[in-house]
Amino acid sequence: MNKKNILKTMVLAAITTVAMTSCNQSAPKVDEKSDAAQPTPKGLKIAYVEVDSIMSQYQFCKDYSLLLQKKGQNIQNTLAAKQQQLQAAAANFQQKVQQNAYTREQAEAINANLQKQNTDLQALNQRLTNEFQTETEKYNNALRDSIQHYLKVYNKDKHYSLILSKAGDNLLYADKSFDITNEIIAGLNKAYKPSEKMKAAMPTKK
């Protein structure tokens with residue numbers, strides 16, 4: 001699972017949600033009964049934010065990406081170790097069977113135990129995967145909320161009608177004068193206060 005892509009998708013959704021909310025609040029209401037074209041609002045104020053820059057420079061993203069990467073690696077290591085143990089036990093069992101080291105009853109009992117271990121391993125795999133997905137969703141929600149909250153506070157003074165997210169070539173053209181990425185990142189990092197749980201989970205900086 002690509003943790004960076006998960007978080008990047010979430011960031012894009014978060015910024016887009018805030019932009020749409022801001023637009024809905026500031027744009028004039030449309031008469032749903034009328035099919036006539038509505039005039040373009042005067043004084044439309046637009047800005048955009050580079051999602052890739054948020055991913056690479058917002059400390060919240062970096063901290064959570066590292067945590068997810070660490071958790072994912074621990075899961076992989078745990079499952080790999082148990083898989084190797086099971087494979088070694090199965091190979092030893094086959095060797096002993098070929099050497100006629102077991103009675104029929106003993107062989108059946110050992111084989112049943114190996115099958116149970118395999119079933120247990122599959123169940124463990126599913127449980128750890130579900131836990132990782134839950135943890136990822138929790139982190140994504142926290143990241144989304146932090147961006148939404150900051151953009152709402154930021155836009156009280158700026159009064160943008162739209163704050164667009166720019167990721168790759170999703171915007172065919174955008175004048176650099178509309179780029180507020182550095183402002184947003186600086187504000188996000190200033191507002192970011194890692195929790196005690198986050199501090200405890202992060203590697204000690206030398």
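Okay, let's start at one residue: setting aside neighbours within four places in sequence, Thr181 is in contact with Tyr48, Val49, Glu50 and Ser53, where contact means heavy atoms within 4.5 Å. Before I go on, this is a predicted model, so local features need pLDDT of at least 70 and side-chain atom pairs count only at pLDDT 80 or more, while totals for chains, interfaces and linings use all residues. Residues are numbered from 1 along each chain as its sequence is written, and side-chain values use heavy atoms, with hydrogens and water left out.

Back to Thr181. Thr181 sits in helix H5; helices here are DSSP runs of H or I with at least four residues, strands are E runs of at least two, and both are numbered from the N terminus. Is Thr181 buried or exposed? Buried, with a relative accessible area of 2%. For the cut-offs, buried is under 20% relative accessible area, exposed is over 50%, and partly exposed is in between, with a 1.4 Å probe and protein chains only. The Thr181 side chain also makes a polar contact with the side chain of Asp179, at 2.5 Å. By polar contact I mean a pair of N or O atoms within 3.5 Å; within protein, one must be able to donate a hydrogen and the other to accept it, and residues adjacent in sequence count only if both atoms are side-chain atoms.

Now the strands. E1 is largely enclosed by the rest of the structure, because 4 of its 5 residues are buried. E1 pairs with strand E2, residues 162-166, in the parallel sense over 5 bridges; pairing takes at least two DSSP bridges between the strands.

Zooming out, the protein has 6 helices and 2 strands, and along the sequence they run α-β-α-α-α-β-α-α. Buried residues are 31% of the 206. Of the contacts with a separation of 6 or more, 88% are between residues 24 or more positions apart.

Next, the core. The largest nonpolar core has 37 residues, and Tyr58, Ile180 and Ile184 have the most contacts inside it. A nonpolar core is a set of buried Ala, Val, Leu, Ile, Met, Phe, Trp, Tyr and Cys residues joined through side-chain atoms within 4.5 Å. Strand E1 (46-50) and helices H2 (51-57), H3 (59-98), H4 (104-158) and H5 (181-191) each give two or more residues to this core. Which of them gives the most? That's H4, with 12 residues. As for Ile184, not counting residues up to four places away in sequence, it touches Val49, Tyr150, Leu151 and Tyr154.

H3 is worth a look too. It has 40 residues and reaches 58 Å from first C-alpha to last, close to the 58 Å expected at 1.5 Å a residue, that expectation being 1.5 Å times one less than the number of residues. Its buried residues include Phe60, Gly72, Leu86 and Phe93.

Then, in the loop between H3 and H4, Asn100 has a positive phi of about 55 degrees although it is not a glycine. Asn100 counts as exposed, at 67% relative accessibility. His159, in the loop between H4 and E2, also has a positive phi, near 60 degrees, and counts as exposed at 55%.

Last stop, Lys158 in H4. Lys158 is partly exposed, at 29% relative accessible area. Leaving out residues up to four places away in sequence, Lys158 touches Lys45 and Glu183. Lys158 and Lys45 are 113 residues apart in sequence, yet 9.0 Å apart in space, C-alpha to C-alpha.
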